[in-house]
Amino acid sequence: VSSLLLTIDEPSMRPVNYNKQLYGPGPLARRMGGIAARPPIQSLVITAVQATVFGLTCGFIYKFGYGDPGTKAFEDYYKENPPR
C-alpha cells in the first residue's frame, strides 16, 4: 500500500511541461542562437568591440553634438573674467 501512495504522489510533485519546444526534454534545453551560439572568446571579443564602438559613438555625439557643455562653461567664465 505504501508503494502505491508513492507512485500516486510522485507525478503530482513534478511540474508539467506543456511547451516541449521551449523547455525540451530535460530541465532546460533552449536552443542558442546569435552571439550565444559562438565560442566564448569570440563572443567576448564581439561584445567588447560593440561596446567600444557604441561608447565612442555616444562620446563623439555628446562632444560635437552638444558642444561639451562643461568646457563651454569654463571658456565662458574665463572670457568674462580673464586671468590677471
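**Helices and ring pairs: a quick chat**

Guide: Phenylalanine 60 and phenylalanine 64 both sit in helix H3, four residues apart, about one turn of the helix. Helices (H or I, at least four residues) and strands (E, at least two) are DSSP runs, numbered from the N terminus. This is a predicted model: local features need pLDDT of at least 70, side-chain atom pairs count only at pLDDT 80 or more, and totals for chains, interfaces and linings use all residues. Residues are numbered from 1 along each chain as its sequence is written, and side-chain values use heavy atoms, with hydrogens and water left out.

Visitor: How many aromatic pairs are there?
Guide: Three. Rings of Phe, Tyr and Trp (its six-membered ring) pair if their centres lie within 6.5 Å; planes under 30 degrees apart count as stacked, over 60 as edge-to-face and the rest as tilted.

Visitor: Why is the pair of phenylalanine 60 and phenylalanine 64 stacked?
Guide: Their ring centres are 5.9 Å apart and their planes are at 10 degrees, so the pair is stacked.

Visitor: And what about tyrosine 77 and tyrosine 78?
Guide: That pair is edge-to-face, because the planes are at 80 degrees, with the centres 5.2 Å apart.

Visitor: Is phenylalanine 64 buried or exposed?
Guide: Exposed, with a relative accessible area of 63%. Buried means under 20% relative accessible area, exposed over 50%, partly exposed in between (1.4 Å probe, protein chains only). Tyrosine 77 is partly exposed at 46%, and tyrosine 78 is partly exposed at 49%.

Visitor: New topic. What is the secondary structure of the protein?
Guide: Four helices and zero strands. Along the sequence the pattern reads α-α-α-α.

Visitor: How much of the protein is buried?
Guide: 4% of the 84 residues.

Visitor: Which residues form a nonpolar patch on the surface?
Guide: Ile41, Val45, Val49 and Val53, with about 370 Å² of accessible area together. Areas come from the Shrake-Rupley method with a 1.4 Å probe; for residues, only the protein chains shown count as cover. Patch residues have over 30% relative accessible area and no salt bridge; like charges are joined within 9 Å, nonpolar side chains (Val, Leu, Ile, Met, Phe, Trp, Tyr) within 5 Å. A salt bridge is a side-chain nitrogen of Lys or Arg within 4 Å of a carboxyl oxygen of Asp or Glu.

Visitor: Where does isoleucine 41 lie?
Guide: In helix H3 (residues 40-65). Isoleucine 41 is exposed at 61%.

Visitor: Which element has the lowest mean pLDDT?
Guide: Helix H1 (residues 2-13), at 50, while H3 has the highest, 93. pLDDT is the predictor's confidence in each residue, from 0 to 100.
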